[in-house]
Amino acid sequence: MRFPACIGYHVSSTGGLAAAWRRAQSLGCTTFQVFSSPPRNWRLPNLDPSRIRAELDQVAALGACSLVFHAPYLVNLASPAEDVRERSIEVVLYGLELSSIANGAPLVVHAGTATDGDLRAALSRLRSSLSEVAGRTPPGARLVFELTAGAGVPIAALPEDVPRLLESASALGDPGICLDTQHLWAAGFDWQVQGAASKLVRELRSLGALEAVCCIHLNDSKSPRGSRIDRHANLGEGFIGLEPLLAFVTQPAISRLPVILETPGSEWLRSKEFQRLKEAAVEPRSNRVVRTRQRSNTKHAR
């Protein structure tokens with residue numbers, strides 16, 4: 001079993017990238033994720049490339065193996081509202097400037113939804129938005145699309161949606177894919193069937209999409225399978241359970257990628273969660289199953 005070499009948390013970027021990495025490092029992380037700009041508004045901070053390069057040098061000197069940027073939640077490059085598309089393009093281009101400065105660190109963007117219910121029109125708008133983005137993308141930047149939890153009429157939520165997403169993003173040349181374990185579950189993928197992890201890898205390979213996967217978001221779920229509700233739970237404390245998630249991130253094709261936890265809780269709770277995950281990776285499988293069942297029974301007893 002190969003535990004991911006680059007695994008860590010989404011952390012606050014308050015104080016800059018070096019401060020963010022110190023927060024992640026204190027939790028035991030080897031990588032980290034931060035928002036490229038404020039997550040719930042369109043404001044774009046002043047971009048100071050020399051300062052960012054200096055912070056990246058500090059991050060590298062302190063031992064981070066990688067860095068992932070996450071675009072704000074408001075971004076929808078397929079929106080029928082022209083002002084939302086225009087603002088989304090500017091926010092994505094800002095994040096791609098950061099990606100370029102950071103030597104191609106992935107910028108994760110939600111794939112978006114057809115908020116008017118017309119998927120064909122939404123895909124056309126997405127192509128148009130990405131054509132403009134491609135024409136203004138700085139050298140070396142990498143845009144990565146995260147599959148959504150399936151709410152509304154999604155551009156891409158399940159593996160079979162990936163080919164149409166990549167086709168719509170072909171103007172970018174080399175778009176990437178981010179898989180969120182909670183989003184897949186909420187969209188209907190069943191992590192609890194026998195061999196779910198290897199099944200998912202095989203499906204992605206058969207779709208010609210496996211090579212595009214370049215980042216994993218590792219989350220349990222507070223919502224049931226197929227709910228289309230994006231609600232993250234701490235690993236082993238939700239509907240998915242620890243065992244299927246661990247089986248996925250230790251797949252050879254997945255363990256080489258940056259793995260980011262976006263689970264809730266204080267730094268103390270997160271450090272305990274991270275330690276449990278690492279211990280489970282080296283614990284005999286039979287013991288893990290027993291522990292998971294005991295915890296599950298206790299939870300339902302409450």
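Visitor: What pLDDT does the protein chain average?

Guide: pLDDT is the predictor's confidence in each residue, from 0 to 100. Here the protein chain averages 93, and 93% of the residues score at least 70. This is a predicted model, in which local features need pLDDT of at least 70, side-chain atom pairs count only at pLDDT 80 or more, and totals for chains, interfaces and linings use all residues. Residues are numbered from 1 along each chain as its sequence is written, and side-chain values use heavy atoms, with hydrogens and water left out.

Visitor: Where does pLDDT stay under 50?

Guide: Over residues 289-302. For that stretch the model has 7 contacts beyond four places in sequence; a contact means heavy atoms within 4.5 Å. Where pLDDT is low, the predicted coordinates should not be read in detail.

Visitor: How many helices and strands does the protein chain have?

Guide: Helices (H or I, at least four residues) and strands (E, at least two) are DSSP runs, numbered from the N terminus. The protein chain comes to 11 helices and 10 strands.

Visitor: Which strands make up the closed barrel?

Guide: Two strands pair if DSSP finds at least two bridges between them. Here 8 strands close a barrel with parallel pairing, in the order E1-E2-E3-E4-E5-E6-E7-E10. Neighbouring strands of this sheet are turned by 30 degrees against each other on average, direction ignored. Axes are lines fitted to C-alpha atoms, for helices over the stretch in contact, and angles run from 0 to 180 degrees between N-to-C directions.

Visitor: How many bridges join E2 to E3?

Guide: There are 5 bridges between E2 (residues 31-35) and E3 (residues 66-70), which run parallel. Val34 stands opposite Phe69 in E3.

Visitor: Is strand E7 buried or exposed?

Guide: Buried means under 20% relative accessible area, exposed over 50%, partly exposed in between (1.4 Å probe, protein chains only). In E7 (residues 213-218), 6 of the 6 residues are buried, so the strand is largely enclosed by the rest of the structure. E6 (residues 176-180) joins E7 in parallel through 4 bridges, with Leu179 opposite Ile216 in E7. E7 also pairs with E10 (residues 259-261) in the parallel sense, over 3 bridges. There, His217 stands opposite Ile260 in E10.

Visitor: Which cysteines form a disulfide?

Guide: A disulfide is a pair of cysteine sulfur atoms within 2.5 Å. A search of the whole structure finds 1. Cys6 and Cys65 form a disulfide, with their sulfur atoms 2.1 Å apart. Cys6 lies in the segment before E1 (7-10) and Cys65 in the loop between helix H2 (49-61) and E3, so the pair ties together parts 59 residues apart in sequence. Cys6 is buried at 16% relative accessible area, while Cys65 is partly exposed at 39%.

Visitor: What radius of gyration does the protein chain have?

Guide: The radius of gyration is taken over C-alpha atoms, and the globule rule is 2.2 Å times the number of residues to the power 0.38. With 302 residues, a compact globule would come near 19 Å; the protein chain has 19 Å, which agrees. Buried residues make up 52% of the 302 residues.
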